[in-house]
Amino acid sequence: MPGELSPSAYVVLGLIARYGPMTPYELKARVEDSVGYYWPIPHAQLYRDPARLAERSLLEERAEEHGRRRRVFHLTDAGRAALERWLEDPRTAQPETRNPALLKLAFVDLAGPGHDAELAAEQAARHREWLELYRKLRAEIDRDRPDAVSRARLLDLGIRHEEAYVDFWSAMASTPANRSSSTRETGTNERASE
């Protein structure tokens, strides 16, 4: 099959493989309930990808016979094979990190005193919210869901990730740059005088 598929295309194939035939609207809801926490996909993409995958014979499009005659996409054998090849390859692309807080952190020294602590306090609070959400979702996993094991693993990783962010930002909020730099200078001077 020529050409690599996009990550969102693999999400579409994976969700249809796991849950059965779906409309683009149903795919949107499944993304929001699963991978959307760490791999957001624009809604428009979830309407484009199934049709493109059908053009490549990886999905089959069927219109409902009654009612609104929605477009329902079914996984083909070729689609299942493409998904399996992708899953069996342990290599992945480099992670993408586009975190606006880290971008601000790179330049926070250019702001006035105390802005680093304000940024850190805001981020610590935000990551505490994510941490509590992930803990709640983890506690509510229905063991009968077909993705229960995968979901638990992802949430365990998300919890650890958020715990690290909370620790980092909380420490930074309690030790702003002006205090940490004066502490370092004091520590250096104390060592030099010994």
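Contact here means that heavy atoms lie within 4.5 Å. In this predicted model, residues 24 or more positions apart account for 58% of the contacts with a separation of 6 or more. The protein contains eight helices and two strands, and their order along the sequence follows the pattern α-α-α-β-β-α-α-α-α-α.

**Surface and burial**

- Of the protein's 194 residues, 32% count as buried.
- The protein exposes about 13300 Å², and 53% of that area is supplied by carbon and sulfur atoms.

**A network of salt bridges**

- Side chains of opposite charge can pair when their charged atoms come close.
- The structure holds 13 salt bridges, and a network of such bridges links Asp-33, Arg-145, Asp-147 and Arg-151.
- Within this group, Asp-33 forms a salt bridge with Arg-151, where the closest N and O atoms are 3.5 Å apart. Because Asp-33 lies in the loop between helix H2 (24–32) and H3 while Arg-151 lies in helix H7 (residues 148–174), the pair ties together parts that are 118 residues apart in sequence.
- Arg-145 forms a salt bridge with Asp-147, with the closest N and O atoms 2.8 Å apart, and Asp-147 counts as buried because its relative accessibility is 4%, which is under the 20% cut-off.

**Another salt bridge**

- Arg-91 forms a salt bridge with Asp-89, and the closest N and O atoms of this pair are 2.9 Å apart.
- Arg-91 counts as exposed at 67% relative accessibility, while Asp-89, at 28%, counts as partly exposed.

**Arg-80 in helix H4**

- Arg-80 lies in helix H4, which covers residues 77–88, and this arginine is partly exposed, with a relative accessible area of 39%.
- When neighbours within four places in sequence are left aside, Arg-80 is in contact with Ala-17 and Leu-75.
- Although Arg-80 and Gly-14 are 66 residues apart along the chain, their C-alpha atoms are separated by 8.5 Å.

**Ser-57 and its backbone**

- Ser-57 is placed in the loop between helix H3 (43–55) and strand E1 (59–63), and the phi angle of Ser-57 is near 65°, a positive value in a residue other than glycine.
- With a relative accessibility of 45%, Ser-57 counts as partly exposed.

Notes
Residues numbered from 1 in each chain as written. Predicted model: local features only at pLDDT ≥ 70, side-chain atom pairs only at ≥ 80, totals over all residues. Heavy atoms only, no water. Helix = DSSP H or I, 4+ residues; strand = E, 2+ residues; numbered from the N terminus. Buried < 20%, exposed > 50% of the residue type's maximum accessible area, 1.4 Å probe, protein only. Areas by Shrake-Rupley, 256 points an atom, 1.4 Å probe, with all protein chains shown as cover. Salt bridge = Lys/Arg side-chain N within 4 Å of Asp/Glu carboxyl O.
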